Each structure stands twice: as structure tokens, then as C-alpha cells.
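Visitor: I have a new model open and would like a slow walk through it. Could you start with the words I need?

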Amino acid sequence: MRNREFRLLWLSFTMSVAADQIFPVTVTIAALNAGGDASTVGAIFTGRWIALIVFALIGGLWADRLPRRTVMIASLAFQCCVVAIGLCGSAPAWLLALLVFLVGTAEAFHRPAYQACLSSVLTPAQRPAGAALGAVSWRLGAIAGPGLGAYVVTAWSPRIGFLAVLAAYLLGLVLLLPLREPAITPAPRTSAVREIADGLSEVSRRPWVAGGIVAVALQQMLTVAPALVLLPLVSRDVFGGDAVYGTALAVLSVGGLAGGVISMRWKPELPGLAAVIGIALYGTVPLALIWPVSSGFVYACYVVAGLGLEIFAVQWVVNLQREIPPDRLARVTSVDWLASSIMTPLGLSLTGPVTEAIGRSPLLVTSMIAGFAVPLATLFLRGMPRFHSDLGPLAGDHAREAAPASLRAR
């Protein structure tokens, strides 16, 4: 936190997270107030996934072509303009869907730029704590944001909710204005297709990176998505209401918060092994839904899953920053994000039909096996236990060490 550039970047990210958490609640209540139903809300939020899928690689490309600070400022400014439209009053469903799509488009540019900028402003020794603090911000937002958003919107109106989102995005933008990002010398510019292919090549030439991206995407489709769909059904059928549903999601974030705090200090000798075991712990979630002996058992499994997710996330981000050349890091991040963005909605859409075809329990058993087995299978890939590839000097670290002394941690 003594690093001025990191403080500005982290505080800006925290404001962006707050806006991202309040925005869906505001849009949902605005849609319901306009006469929409669950199908309307689902259709509206499909726009976010479409935006991420369409623009993820393009966002990573421009985050590597331009200064990351510039990309983030432009993205937040665009989100401010989009959200301001919601202040005009009651909006029809089609307009709300357009707003969600446009905010998702800006997100596809902002997130790769943030991850790449995070790497450039921190020394290699600071990166684990920096990534962990980002995880803490995200989890705190997931815990407090929806409740705060619902309170603001129901106590006043969706217009006040849009105003709160606008204020958060605007504050995040203002915090970035004084940030001094270390200069990264990009490779000579070629065609967009060639530069995107260069990002893909950074993934393919490192088996542990490619394997990790595929494993996370498959787990999103086979384990995370079915659990999201079936948790509310188990909550009602077994426990007689929605309390377990809401509480389980909250304690998942509590576990993630604990994982982020642990990762600030913990530096495992085998970061890949620690990360893979961490993400494999999500297999306990379908286990809890197969065998919901008590609400306490369900909550314990969700805490463990959240803990493991953030341990994986921090180790994954830090070692990508170490291994990937800084002028290609945003593109690699966007590939990772694109894979999950495609597989998650696919899993959500397939869960219902598959449940009707084979039953809830067989699907959850399959999800549990996949949750454990898919990540653990990647340990056989070259470099996976250490998150390391034998590809010569670590360009990311050398580039950071060469940054001007005035931009290093103070």
C-alpha cells in the first residue's frame, strides 16, 4: 500500500467493483417495475455474456496496443455515459438490455487492461499481495454490493440506483487520472488478426497456461453453472425456503475473502499445485447439493469452495504476470476470460434440459466428479505444479525491474 500507483489503481478497481455489483440489482428492479418477469430479466443479462464473448479478444488487443491507463479511463468514461441514460426515467426492456450490453462491452476492455497495469506498477515481490487485495475488493463487493444496491433502489428508486452506479464509475475514473503507468514498449504493430494470434501463441507454447484455461472453462460449464442453477431448487425442496440459497452464496464470498487474505502472505513452493488443489475444492459444492444433510454442511462446503477459488485466482494471476511478456499480457488475460465467458452461459442453458433428461442427482454426481477430476488432471502437464515454463528469461520481471526508480514502490 506504500506504492502510490498501486493505491490509485486498487482504489479505482474497488469503485468499479462496487458499480458492477449495484448495476445488475438496479437493472433487475427497473425491469420488474416496467412489467417484466424472470424471462425478461434473463434475456436482459444475456447481453453481458454476448458482449464479453464478442469483445474479449479485441479488448485485450487494444489494452496491449495502448497505455493501459488510457484504456481503463476510456472504458470507465464510456460506462458513465451509458449508465447516465438510466437517469432519464423509466426505461423499456430493450433499452435496459442495450445498457447491459454496452456496460459489458466496456468491461471487456477494462479488465484485461487492469490486470496488465497491475503487473506493471508492482514489483515481482509485491504482486501476490496486490492480486490478493484485488480479490478481497471483489469478494467484499460481492458480499455488500447486492444488498446495498437492493436497499438503495427499494428505499428510493431505480434512478437513485443508476446515480450510485454512475458515481462509483466516475470516482474510479478520477482516481486513475494521476496514475503514472511505467512505459511498456510494445512490439511493432501488425494486423489485428496477427496480434491476436500472437496472444494465442503465448498460451499454446506454455502447456500449463493452456491447460489451466481449459480446465477452468470446463469447470465453469460442468460444475459451477449446474450448481448455480440447482442451489435454489435444493434450498426450497430440502430446506423449505430461499434462506439457504442466499446464505450459501454469501458464505462463498466469505470463503473467497479468507482465501484472498491468506494469499497476501502465503508463497507456496509449488504454486501450481496449491492453485490446482484450490480450484478442485469447488467439487465440494455439488457434493453438498447431493448430500444436503444440514444447512451447516452446505455452508461449510461453500466456504471451502470460495477459499480455494481465491487461492487459485491469486496464484494464477501472479504467475501469468511473471511468465507472460508485459506487452502481451492483456491478450492472454482476454483469452482466459473469453474461454470462461463462452462456457458459463452454455452450462447454464444446458443444466435444465440435462436435469430433466437424467435427473438432478446423476447430474450433480457428474458435476462433482468433473469438479475434482478436471483440475487435478492438469497436474500431469509440463510446468503445471510450478506454474513455470522453460522458455528463457522472464521478460515480465526484467521489464519491471528496468522501470524508472521513481515508479517503483516507495
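Guide: Let us begin with one definition: helices (H or I, at least four residues) and strands (E, at least two) are DSSP runs, numbered from the N terminus. This is a predicted model, in which local features need pLDDT of at least 70 and side-chain atom pairs count only at pLDDT 80 or more, while totals for chains, interfaces and linings use all residues. Residues are numbered from 1 along each chain as its sequence is written, and side-chain values use heavy atoms, with hydrogens and water left out.

Visitor: Okay, how many helices and strands does the protein chain have?

Guide: The protein chain has 15 helices and zero strands. Its radius of gyration (taken over C-alpha atoms) is 21 Å, close to the 22 Å that the globule rule gives for 410 residues, so the chain is as compact as a globular protein of that length. The globule rule is 2.2 Å times the number of residues to the power 0.38.

Visitor: And what box do the C-alpha atoms fill?

Guide: Taken along the principal axes, the C-alpha atoms of the protein chain fill a box of roughly 60 × 55 × 40 Å.

Visitor: What share of the residues is buried?

Guide: Buried residues make up 52% of the 410 residues in the protein chain, where buried means under 20% relative accessible area, exposed over 50%, and partly exposed in between (1.4 Å probe, protein chains only).

Visitor: Switching to rings, how many aromatic pairs are there?

Guide: The count comes to ten aromatic pairs, by a rule in which rings of Phe, Tyr and Trp (its six-membered ring) pair if their centres lie within 6.5 Å, with planes under 30 degrees apart counted as stacked, over 60 as edge-to-face and the rest as tilted. One of them joins Trp208 and Trp316, whose ring centres are 5.7 Å apart and whose planes are at 85°, so the pair is edge-to-face.

Visitor: Where do Trp208 and Trp316 lie?

Guide: Trp208 lies in helix H8 (residues 207-239) and Trp316 in helix H12 (residues 295-323), so the pair ties together parts that are 108 residues apart in sequence. Both Trp208 and Trp316 are buried.

Visitor: What about Trp316 and Phe387, how are their rings placed?

Guide: The ring centres of Trp316 and Phe387 are 5.7 Å apart with the planes at 75°, so this pair is edge-to-face. The pair links distant parts of the chain, 71 residues apart, with Phe387 in the loop between helix H14 (360-377) and helix H15 (395-401). Trp208, Phe312, Trp316 and Phe387 form one aromatic cluster.

Visitor: Is Phe387 buried or exposed, and what is its phi near?

Guide: Phe387 counts as buried, at 0% relative accessibility, and its phi is near 50°, a positive value in a residue other than glycine.

Visitor: New topic: which residues does Ser16 touch?

Guide: Not counting residues up to four places away in sequence, Ser16 touches Leu76, His110 and Tyr169, where contact means heavy atoms within 4.5 Å. Ser16 is found in helix H1 (residues 4-33) and is buried, with a relative accessible area of 2%. From C-alpha to C-alpha, Ser16 and Ser137 are 9.9 Å apart in space, although they are 121 residues apart in sequence.
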